[in-house]
Amino acid sequence: MRNLLTVALVGSVLFGVGCAADALDTTEGPADGGDGKSDGSFNVKWNKDVEHIVPKNVHNYLEKYQWGDYHIVFHMSRKWFMLGDAGRGWLSRVGEASAELQEGDPNNGIEFLTMHRAMIQHLTERWGSEPTPNNEDGRATFGEALVGWTTDDEVVAHLEKAGGDVAGFKKMLVNINDFSKFTTEDEFGTFVQTALRLTGEVDPNDSAIRAYTRDTTVGAGVHNWLHGQFQDASSPINVGDPQTNLSNMRFWGIHGWIEAKWQQFEQAHTRTPMEMFAYQESMERFLLHMQLHSDYSTTHHAVNRPSRALAKTMGPIVFDNGAACDNLADGVTMDDCTP
Ligand SMILES: [Cu+2]
């Protein structure tokens, strides 16, 4: 986490300098982050020398249809209350209200799991046979790269390679692999995704106030943690930057492992009829999103785009298993932050 914080601070400095040109009206935060419109240029230009980059055709597809912009807005809008004024101000100005379900809220675990599964399914179908000669694990095609790291040992090996916290990960596995701990599929998804939890606490004077806490169980939020472990601010496709990380095969390594865990969970847990309904509905919703952001569609579907400067400051916030107290929206409470 300490690493990420440094990145956040460096990011804020750049952010303050680069964007005086925007003078949009806002009630929250500085008018920054752009007007949300893409001029068709790419966030990142493909270059074979960038480590872990997906094939050119795939990268250009992701850029053309703004998958990275979709992805960062997905995560930002689900971290509304912890995003800080700059992030909230930008989302407000481009008309992206906070998502109904926030990270750590009930039913958000399913959203998290299904959105990423929908991405994997779509990309496998479209680009599965694209060769990936630069894959660090010797996966020959993008389809194989999308399968990702399927075992705990593979994640360990990559953590070792990246100088990550192997011992910490091994401790987490004890709880993650004990599927009997999770009553529902949503609980499992939430646990894997984030340590944030909406509490049932209600302020008797204002029931609209949201109170968040952190699940301190070892392993909670392993997904956010892994993004932090593999983040590399020097990479144009930083695993810690949700706007550009879809072009990094390590992103699919991490999400392949989550997918593999989920599949194991699916073996161990029979969905109730309600769970089946929620699962199917959510898969349909996100598969449709992916299809709309693809050349299946005949019309141009714009997705709001934050400036690179804003996106860079959002990465550490989006993948934080907690929140900086200064970033909390008015009226939101969080453990360790005095209101
Ligand atoms: Cu994501």
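Student: At what angle do helix α4 (residues 84–93) and helix α13 (residues 308–318) pack, and how far apart are their axes?

Tutor: An axis is a line fitted to C-alpha atoms, for helices over the stretch in contact, and the angle runs from 0 to 180 degrees between N-to-C directions. For α4 and α13 the angle is about 120°, and the axes are 10 Å apart. This angle makes α4 oblique to α13. Angles under 35 degrees count as roughly parallel, over 145 as roughly antiparallel, 65 to 115 as roughly perpendicular, and the rest as oblique. As for the source, this is a predicted model, in which local features need pLDDT of at least 70 and side-chain atom pairs count only at pLDDT 80 or more, while totals for chains, interfaces and linings use all residues. Residues are numbered from 1 along each chain as its sequence is written.

Student: How many helices and strands are there in the protein?

Tutor: Helices (H or I, at least four residues) and strands (E, at least two) are DSSP runs, numbered from the N terminus. The protein has 13 helices and 3 strands.

Student: Is the crossing of α4 and α13 left-handed or right-handed?

Tutor: A crossing is left-handed if the near helix is turned anticlockwise from the far one by less than a right angle, and right-handed if clockwise. The crossing of α4 and α13 is left-handed.

Student: Which residues in α4 meet which residues in α13?

Tutor: Two residues are in contact if their C-beta atoms, placed from the backbone, lie within 7 Å. From α4 come Gly84, Ala86, Gly87 and Trp90, and from α13 come Leu310, Thr313, Met314 and Ile317. By class, the contact of α4 with α13 has 5 nonpolar, 3 polar and no charged residues. In this scheme Ala, Val, Leu, Ile, Met, Phe, Trp, Tyr, Cys and Pro count as nonpolar, Asp, Glu, Lys and Arg as charged, and the others, Gly among them, as polar.

Student: At roughly what angle do the axes of α3 and α13 cross?

Tutor: The axes of α3 (67–77) and α13 cross at roughly 50° and come within 10 Å. That angle makes α3 oblique to α13. The crossing is left-handed. Ile72, His75 and Met76 of α3 make the contact with Ala311, Met314 and Val318 of α13. These residues divide into 5 nonpolar, 1 polar and no charged.

Student: At what angle do α5 and helix α12 (residues 273–292) pack?

Tutor: Helix α5 (108–127) packs against α12 at an angle of about 45°, with the axes 8 Å apart. Helix α5 is therefore oblique to α12. The crossing of these two helices is right-handed. Among the residues that meet are Ile110, Glu111 and Arg117 in α5, and Tyr279, Phe286 and Met290 in α12. The contact of α5 with α12 has 10 nonpolar, 4 polar and 2 charged residues.

Student: Which residues have the most contacts inside the largest nonpolar core?

Tutor: In soluble globular proteins, nonpolar side chains tend to be buried together. A nonpolar core is a set of buried Ala, Val, Leu, Ile, Met, Phe, Trp, Tyr and Cys residues joined through C-beta atoms within 7 Å. A residue is buried if 20 or more other C-beta atoms lie within 10 Å of its own, exposed if 12 or fewer, and partly exposed in between, with C-beta atoms placed from the backbone. The largest nonpolar core has 68 residues, and Met76 and Met314 have the most contacts inside it. The largest share of this core, 8 residues, comes from α5. Leaving aside neighbours within four places in sequence, Met314 is in contact with Ile72, Met76, Gly87 and Pro306.

Student: What percentage of the 339 residues in the protein do buried residues make up?

Tutor: Buried residues make up 45% of the 339 residues. Helix α10 (residues 222–229) is mostly covered, with 8 of its 8 residues buried. Among them are Trp225 and Leu226, and also His223 and Asn224.

Student: Is Asp105 buried or partly exposed?

Tutor: Asp105 counts as partly exposed because it has 19 C-beta neighbours inside 10 Å. Asp105 lies in the loop between α4 and α5. The C-alpha atoms of Asp105 and Asp186 are separated by 9.9 Å, although these residues are 81 residues apart along the chain.

Student: What is the phi of His52?

Tutor: Most residues other than glycine have a negative phi. His52 is not a glycine, yet its phi is positive, near 70°. His52 is found in the loop between α1 (2–18) and α2 (56–64). Because His52 has 22 C-beta neighbours inside 10 Å, it counts as buried. Gln66 also has a positive phi, of about 55°. Gln66 is found in the loop between α2 and α3, and with 23 C-beta neighbours inside 10 Å it counts as buried.
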